[in-house]
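Opening the notebook on this one. I want to look up a few contacts, pockets and rings, and jot down what turns up.

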Amino acid sequence: MLSLEEIAAIPDDVAQAMLDAEAQVVEEAQIAQGMAMGVYDTGDTLRSIRRGRMKRTKEGGRAVYVTPQGVNDKGERNAAVAFMNEYGVPSRRIPARPFIATANAAAVDPAVAEAEKVYDEWLKSKGL
C-alpha cells in the first residue's frame, strides 16, 4: 500500500506523461482556435505551436509550455507574430484575436481529463 507521500511524489516519467497529455490538448485547441479566429495568412504561426519538454518551476513544480517556436519566412519570431495577433496592433490594422487565451480557457477541463487518465493508469499499476 502506498502512503500519501508516495502518491504525491509522482515519478518524473508519470508527471511527464500527464503534462504531455494536457499539453497536447492545449496545442490542438490553440491551433483550432487560431484557425477559427482568422489567424492564418501563411500558416507559419499556427504550424509553429508546439509543446516543450517538462521543466521544473521556481516553486519546485513541473510544467510544460505550449508556445509558437522558431521564425517565419520573413525572419519574424513566430511568438512575436502570435503576440500581435493575440493583442492586436492598431497601427498595423491588426485586430486583437485572443486565440491563445480563448483556447487555453476552453481546454482546461479536457486537458485535466487527459492527465487524470494517465494518473489513473499509474495508480492502477500500483494496485490502487
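**Entry 1: R56**

I started with R56, which touches D12, G61 and R62, leaving out residues up to four places away in sequence; contact means heavy atoms within 4.5 Å. R56 lies in strand β2 (residues 55–56). Helices (H or I, at least four residues) and strands (E, at least two) are DSSP runs, numbered from the N terminus. I also checked R56 against T45: they are 11 residues apart in sequence and 27 Å apart in space, C-alpha to C-alpha.

Ground rules for myself: this is a predicted model, where local features need pLDDT of at least 70 and side-chain atom pairs count only at pLDDT 80 or more, while totals for chains, interfaces and linings use all residues. Residues are numbered from 1 along each chain as its sequence is written, and side-chain values use heavy atoms, with hydrogens and water left out.

**Entry 2: α4 and α5**

I looked up how helix α4 (residues 78–87) sits on helix α5 (residues 99–125): the axes come within 7 Å and cross at roughly 85°. Axes are lines fitted to C-alpha atoms, for helices over the stretch in contact, with angles from 0 to 180 degrees between N-to-C directions. α4 and α5 are therefore roughly perpendicular to each other (65 to 115 degrees). On the α4 side I find A82, N85 and E86, meeting F99, I100 and A101 in α5. By class, that contact has four nonpolar, one polar and one charged residues. Ala, Val, Leu, Ile, Met, Phe, Trp, Tyr, Cys and Pro count as nonpolar, Asp, Glu, Lys and Arg as charged, and the others, Gly among them, as polar.

**Entry 3: pockets**

A pocket is an open set of points on a 1 Å grid over the protein atoms alone, where a 1.4 Å probe fits, with protein on both sides within 12 Å along at least five of seven lines; lining residues have an atom within 4 Å of a point. I get 18 lining residues, with D41, T45, K74, V81 and N85 nearest the centre. α4 gives the largest share of that lining, three residues. The classes are five nonpolar, six polar and seven charged.

The second largest pocket has a volume of about 260 Å³. Its lining has 17 residues, and Q30, V66, T67, I100 and N104 lie nearest its centre. Here I note 12 nonpolar, three polar and two charged residues.

**Entry 4: rings**

I find two aromatic pairs (Phe, Tyr or Trp rings, the six-membered one for Trp, with centres within 6.5 Å).

Key: Angles under 35 degrees count as roughly parallel, over 145 as roughly antiparallel, 65 to 115 as roughly perpendicular and the rest as oblique. Grid points are joined across faces, edges and corners, and a volume is the space filled by probe spheres set on the points. Rings of Phe, Tyr and Trp (its six-membered ring) pair if their centres lie within 6.5 Å; planes under 30 degrees apart count as stacked, over 60 as edge-to-face and the rest as tilted.
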